Amino acid sequence: MNAPADIELPVVVIGAGPIGLAAAAHLLDQGIEPLVLEAGPVAGSAVRDWGHVRLFSTWGEVVDPAAEKLLAPTGWVKPHEAAYPTGGEWAEQYLQPLAAVLGARLRVGARVTGVSRLGRDRVVDADRETQPFTVHVAHTDGSEERLTARAVIDASGTWSTPGPIGGDGLPALGERSAADRISYRVPDLKDPATRARYAGKRTAVIGSGASAFTALAYLADLAKDEAGTHTTWILRRGISGSTFGGGAADQLPARGALGLAAKAAVDHGYADAVTGFRTTAVEKSGEQLVLVAEDDRRLDPVDEVIVLTGFRPDLTFLDELRLGLDERLQAPTELAPLIDPNQHSCGTVYPHGAGELAHPEKDVYLVGMKSYGRAPTFLAMTGYEQVRSIAAALAGDMEAAERVELTLPESGVCGGSGLFDQPEAAEATGGGCCAAPTTLTIGAAASSGGC
């Protein structure tokens, strides 16, 4: 394969989270120069925002092999493989040392505001693929910069764009005006100010994933110590055998334990579950808030609302690129059917890599959480394998890019989340019917582990 004329240009990696830093490590392993741009003040800024939350994957599942190889000459020692780190520990003990090794290849306080082809907007065909990429960057000191790159890997994640309250995917009426009583993050109840915010209060938690389970468990623990603390758990669908995850059948035990803890919060009376509630409005009632559903149901007033309805990708700064995205998930077109929660079952992800992550715009890749668009259940090791495949493809080693041996941990839950919006379907599928994980060797890339 002939190297392109702009081979000396770096590959720009957007985001210095776990997947972005792993991308840099894999690029260096292939002899390709990376330049990582991080909008936050330090590497792993988003991870640090939820640093109080413990991962449901072990250290052995959240350290990238190429990154570990890059760290080895520094004397870095991987923490005990069977231990479960918090987000803060993951950032301090792994991401920060990795960032230090990258040195000047990582720039913090550098927010990407636009990406295009040099001299070509998205309309122009002529000589498009021969032109390098231009990356516009805004720095925290107010200055701006235009960089040139041979390829772009967007690992910026979805943390900055959480889903709103509204069951239609839009902010509920009154959501913005009640912003001081609404949070979109799992609360850190070890922080005195945050603990005081929820202690002795009635809180609504909206969501049905791992983050909602975590919040329910945290608030249940708070209720044991603080009288008057109670949670209303709001689900947009009904309760079925899948609602609390795979439990003991989940091959990531800590992930299964989250669901069991949420179930215990309900069983022991610390939380009440309200099902089939799609919020359309947030109304003020004195110092409290009342949630209103599309069927005109009104819940009892609450003091606080925690919205954990997932995340969505920010695609605005990629608008001049020709992306191929699924119309539902906003994930790459070839990847979307493999992760679609309306169809996807058993918590597995079929192998995928550079091929499935490619776009009509050559040498642009969305990776990590951003590659999943609005789909849930992303695992960090899946992202590590994505960037391994992409680095190989950019180096011209297509055999390596297409090769993978994949073993994924089952969730213990069968059926996509969309399926469980139908009560009769939920009853038919029942609980943990998943088979043992399968090892696959196929022309693509992915793996297990994660956050």
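This is a predicted model: local features need pLDDT of at least 70, side-chain atom pairs count only at pLDDT 80 or more; totals for chains, interfaces and linings use all residues.

User: Thanks! Which residue just after H11 takes a positive phi?

Analyst: Helix H11 covers residues 380-394. Just after H11, a positive phi of about 90° turns up, and the residue that takes it is glycine 396.

User: Is H11 mostly covered or mostly open, and how many of its residues are buried?

Analyst: Buried means under 20% relative accessible area. H11 is mostly covered, and the number of its residues that are buried is 15 of 15.

User: Now to the charges. What is the mean pLDDT of the protein chain, and where does pLDDT stay under 50?

Analyst: The mean pLDDT of the protein chain is 85, and 82% of its residues reach 70 or more. One stretch below 50 is 412-451, which has 128 contacts in the model beyond near neighbours in sequence. Another stretch where pLDDT stays under 50, with four contacts beyond four places in sequence, is residues 1-6.

User: How many salt bridges are there in the whole structure, and which residues are linked with Lys78 in a network?

Analyst: A search of the whole structure finds 24 salt bridges. In one network of salt bridges, Lys78 is linked with Glu68 and Glu81.

User: Why does the pair of lysine 78 and glutamate 68 tie parts together, and how many residues apart are they?

Analyst: Their side chains meet in a salt bridge at 3.4 Å, N to O. Lysine 78 sits in the loop between helix H4 (65-71) and helix H5 (87-102) while glutamate 68 belongs to helix H4, so the bridge joins parts whose separation in sequence is 10 residues.

User: Is lysine 78 buried or exposed?

Analyst: The cut-off for buried is under 20% relative accessible area. Lysine 78 has 18% relative accessibility, so lysine 78 counts as buried.

User: Which strands hold glutamate 145 and arginine 107?

Analyst: The side chains of glutamate 145 and arginine 107 meet in a salt bridge at 3.1 Å, N to O. The pair links distant parts of the chain, 38 residues apart: glutamate 145 is in strand S6 and arginine 107 is in strand S3.

User: How many residues apart in sequence are the parts tied by arginine 322 and aspartate 125?

Analyst: This salt bridge is at 2.8 Å, N to O. Arginine 322 lies in the loop between strand S14 (304-307) and helix H9 (336-339), and aspartate 125 in the loop between strand S4 (110-117) and strand S5 (133-139), so the separation in sequence is 197 residues.

User: Which backbone nitrogen does the side chain of glutamate 38 reach?

Analyst: Glutamate 38 is found in strand S2. Glutamate 38 is buried yet has no salt bridge, and the nearest side chain of opposite charge, arginine 111, is 7.3 Å away. At 2.8 Å, the side chain of glutamate 38 reaches the backbone nitrogen of alanine 16.

Methods
Residues are numbered from 1 along each chain as its sequence is written. Side-chain values use heavy atoms; hydrogens and water are left out. pLDDT is the predictor's confidence in each residue, from 0 to 100. Contact means heavy atoms within 4.5 Å. A salt bridge is a side-chain nitrogen of Lys or Arg within 4 Å of a carboxyl oxygen of Asp or Glu. Helices (H or I, at least four residues) and strands (E, at least two) are DSSP runs, numbered from the N terminus. Buried means under 20% relative accessible area, exposed over 50%, partly exposed in between (1.4 Å probe, protein chains only). The expected span of a helix is 1.5 Å times one less than its number of residues. Lys and Arg count as positive and Asp and Glu as negative; His and the chain ends are not counted. A polar contact is a pair of N or O atoms within 3.5 Å; within protein, one must be able to donate a hydrogen and the other to accept it, and residues adjacent in sequence count only if both atoms are side-chain atoms.
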